[in-house]
Amino acid sequence: MSTSWIEEPRNVKDRRFCKMEHKDETRQMRETSNEATIKIVFDKLDANHDGHITPEELMNGGKGVGIKINLTRATKLIDEIDKEGNGFVTYGEFRACMQKVLAKIQRDNEIYKRSFKKFDADGNGFIDKEELRQVLCAGGGRKMSEEEAEELFNEADVDQDGQLTFDEFVDYFCRI
């Protein structure tokens, strides 16, 4: 498959611009995807399709996605999101809240990725026992014994395949 129609930028300035342009396109795609997801979730929670979510709809909608929430907690959540003070959440209020939540998740994921890369010395997308041991036993600050590092590794390696995936790493080390 030929990619000769793709023209590489000739100078550093052009390459930087292309990188910035690509980041903007990626951000726009992610935002579009987030917008669509937010709208889908709002529509599912807005059971009677009147354009707002009541505490009862939040409680019942939560059950539909595996979240158990009682009416008291649902009312508190609605009150936190409800900027207009009318006892329900409009799409605009829901969207603003979810954008903040998604932005925090994205920031956290970037931190998790950077942390994972520090452990993944060979860059293969997995952390093996030796890589974990090297960071935890030889790093600055409190050094860990090899036995402690191995114990942590074995606990984190949920599928016991001898390597930590990004998800296993995050689940064990980042969401304590």
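Reader: Which elements do the buried residues of α5 pack against?

Author: First, the ground rules. This is a predicted model, where local features need pLDDT of at least 70 and side-chain atom pairs count only at pLDDT 80 or more, while totals for chains, interfaces and linings use all residues. Residues are numbered from 1 along each chain as its sequence is written, and side-chain values use heavy atoms, with hydrogens and water left out.

Author: Buried means under 20% relative accessible area, exposed over 50%, partly exposed in between (1.4 Å probe, protein chains only). Helices (H or I, at least four residues) and strands (E, at least two) are DSSP runs, numbered from the N terminus. Contact means heavy atoms within 4.5 Å. Here, the buried residues of α5 pack against α4, β3 (127-128), α6 and α7. Those buried residues are E131, L132, L136 and C137.

Reader: What is a nonpolar core?

Author: It is a set of buried Ala, Val, Leu, Ile, Met, Phe, Trp, Tyr and Cys residues joined through side-chain atoms within 4.5 Å. In soluble globular proteins, nonpolar side chains tend to be buried together. The largest core here has 14 residues; F119, I127, L132, L136, A149, L164 and F169 touch the most other members. At least two core residues come from each of α4 (91-119), α5 (129-138), α6 (146-156) and α7 (166-174).

Reader: Which residues does F169 touch, not counting those up to four places away in sequence?

Author: F169 touches Y112, S115, F116, F119, I127 and C174. A second, separate core has twelve residues, including I53, M59, A74 and I78.
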